[in-house]
Amino acid sequence: MQNTSASSAHAGGESGQPGAAPGRGEPTRGPGRRAAGARGGRPHAVVIGSGFGGLAAAVRLGVRGYDVTVVEKLDEPGGRAYVHRQDGFSFDAGPTVITAPFLFEELWSLCGRRMADDIDLRPVTPFYRIRFHDGATFDYTGDAAAMRAEVARLAPGDVEGYERFVRMSEAIFRVGFEELAHVPFGSWTDMARIVPDMVRLESYRTVYGLVAKHVKDDRLRQVLSFHPLLVGGNPFSTTSIYSLIAFLERNWGVHFPIGGTGALVKGLVSLIEGLGGEVRCGAEVRRITVENGRARGVELASGERIAADVVVSNADSAWTYRHLVAPEARKRWTDRRIERQRYSMSLFVWYFGTRRQYPDVAHHTILLGPRYKALLEDIFQRHVLADDFSLYLHRPTATDPALAPPGCDAFYVLSPVPNLLSGTDWPAVQERYRRSVSALLEATVLPGLEASLATSRLLTPQDFQDRLLSFRGAAFGPEPVLTQSAFFRPHNASEDIEHLYLVGAGTHPGAGLPGVLSSARVLDRVVPDASKLL
C-alpha cells in the first residue's frame, strides 16, 4: 500500500567530501572551465520525476546552490502523489499516510520557512481500524495504554509478548531508521559494518517471524505484521528490519494534511520555485545522455535536450536503467540483472465518491480477508489474481470534508494484487474485480454503496506500467527482502554512471514516504557541492 504509500541525522555535513560517494572523484576540468550545464553562474541539476522523492531532492539541491529543473511526464506534479479531481471530488492518487512529519518540516526549514505556515497537518486516530473477516475490529493507535487494552481484549495471553515486540521494534528503529536511513550504501564495507547490528536485531527473521516469536494469537500476528504491505513487501519474506515501522508510527504519529497530500506537493513546488528552480510538466524523458561514463543531461520525448551537471532520477529505478540509460552505458545494471530482480506486488485502486456520508467509517480502515499467508503467496509467489482479497479503505473526508461536495464522502480502496507477471488482462477484468470489491464493502462497512455512487475511477497494474512507468507494474519497485535491501538495492549514487543519482522507492532506504524522503537526504552525502562544479 503505497501510503502507501514509501519517512536521523541532519542534512549536509559530508557533501562532496572525498570518499562520500565511493568510486567518485571530483570531475576533471581544465582551469577556469565552467560546468557543462551551468546556467546563471550555478551548475544545473535535472530531476526526472516529481514524486515526493524528486521534489525533496530538488529542494535540497536548490538549497545547496544548484539551478534545478524538474521534468515530469504527467500534466501536473506529484507522480504517484498525483491528485485526481472529478465531479467535485478530490482524490489523492497514492500516499495517504503521513508519518515522520519532521522530514517534511526539515525541507521548509532549509528554505528559511515554516511548514506550519503553508500546511495544516492533522493527527489521525485511530491510525488504522482493522476489521477481521468475522467482523471483529481492532483500533490500532499510538497510545500505549490504549494499545495494551486492545491487545488484552483480543488476546489476553499475549500482552507481555506484545510489549516485548514493541521494545524490539524500537531497538530496530534506533538503528535501522535513525542511524542508517539517511546513510549511503555505496560499498560492500558499508554493509559489512552493520552486520553485527543486523544479527543482534535478528534481521535474518522475516517480519511475520519476528512477530510470531513474541505473540501466539493468529489475529494479533496479522495486526502486528501487516506493515510491510505499506512498502510493497510480503510479511512472510520481508526482512524484520521493516518492523521498525510500528515504532516509527508510535513515535511520531500518523497525520493527514488538510487539502490532501496534494497540498504537500503544491507546497514543495513552491519551495523549489522560491529557490529559483522550475517544475516542467508534460515533459517525458526519453533518454539520460551519457558521455564518457558521466551523465550530461536528458533528452525529452519531444527531442529537446537539456544539459546538466548532475541528473537525479525519481523515476522507477528499474525503468530508469532499463529504458532511460543505453545498454552500453550499463555494466552492472544490465537488462538481465534488472529482469532477475524480485519486484513488489502491484495495486488495484478504486477511487469513488458517494452521495451520502458514512460517519462511522474511520479515516484508515484495513479489511482482512479469510486468508492471510495463502493470499500473500498467491500475490507474491504464484502471481495469480485470487478471488478473495484484503483491502485498505481510505476515507479522507473523515479529516477534511472539503475533499467532497457537501453531504458526500470521498474514498479510495486498494487491493494488493500481483504485478504484471500474473499475465492478467486488466482492461478485460477490471470492472468485474471492482464489482467484487464493491460487494464486499457493501456487505461490511459501506451499506448501499453501489446505489449511492456519485463518481468513480480505477488504477490497475497496467496503469502503473503505462502511466507511472513502473517496471512490470510493480507499485513499489524491488521487493524489500534482505538480499534487496541497503547495499543490495540500486544505489543512490549510480554504480554505472558518474553524476547520476537515484531517489524514490526503488533505491535505499526503500518505499513509503519516510523512505523516499530519506533517499533525498542521502543526496547530501553523495552529490558534490555546487561550488565544486564551477
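Me: Buried means under 20% relative accessible area, exposed over 50%, and partly exposed in between (1.4 Å probe, protein chains only). As what does R122 count by its relative accessibility?

Reply: This is a predicted model: local features need pLDDT of at least 70, side-chain atom pairs count only at pLDDT 80 or more, and totals for chains, interfaces and linings use all residues. Residues are numbered from 1 along each chain as its sequence is written, and side-chain values use heavy atoms, without hydrogens and water. R122 has a relative accessibility of 37%, so it counts as partly exposed.

Me: In which strand is R122 found?

Reply: Helices (H or I, at least four residues) and strands (E, at least two) are DSSP runs, numbered from the N terminus. The run that holds R122 covers residues 121-123. Its name is β5.

Me: What separates the C-alpha atoms of R122 and D400?

Reply: Contact means heavy atoms within 4.5 Å. Leaving aside neighbours within four places in sequence, R122 is in contact with V254, H255, F256, I258 and T399. D400 is 278 residues from R122 along the chain. Yet their C-alpha atoms are separated by 9.4 Å.

Me: Is S313 buried or exposed?

Reply: S313 is found in strand β13, residues 310-313. Beyond four places in sequence, S313 is in contact with I48, T320, Y501, L502 and V503. Its relative accessible area is 0%, which means that S313 is buried.

Me: At what angle do the axes of α4 and α5 cross?

Reply: Two packed helices are described by the angle between their axes and the distance between the axes. Axes are lines fitted to C-alpha atoms, for helices over the stretch in contact, and angles run from 0 to 180 degrees between N-to-C directions. The axes of α4 (residues 144-154) and α5 (residues 159-176) come within 9 Å. They cross at roughly 140 degrees.

Me: Which word describes α4 relative to α5?

Reply: Angles under 35 degrees count as roughly parallel, over 145 as roughly antiparallel, 65 to 115 as roughly perpendicular and the rest as oblique. The axes cross at roughly 140 degrees. Therefore α4 is, relative to α5, oblique.

Me: How many residues of the contact of α4 with α5 are nonpolar?

Reply: The contact is made by M147, R148, V151 and A152 of α4, and by V159, Y162 and E163 of α5. Ala, Val, Leu, Ile, Met, Phe, Trp, Tyr, Cys and Pro count as nonpolar, Asp, Glu, Lys and Arg as charged, and the others, Gly among them, as polar. In this contact, 2 are charged, none is polar, and the nonpolar ones number 5.

Me: What is omega for the peptide bond from T125 to P126?

Reply: Most peptide bonds are trans. This one is cis. P126 lies in the loop between β5 and β6 (128-131). The omega of the bond is near -5 degrees.

Me: What is phi of A100?

Reply: A100 sits in the loop between β4 (89-92) and α2. A100 is buried, with a relative accessible area of 0%. Its phi is positive, in a residue other than glycine, and near 50 degrees.
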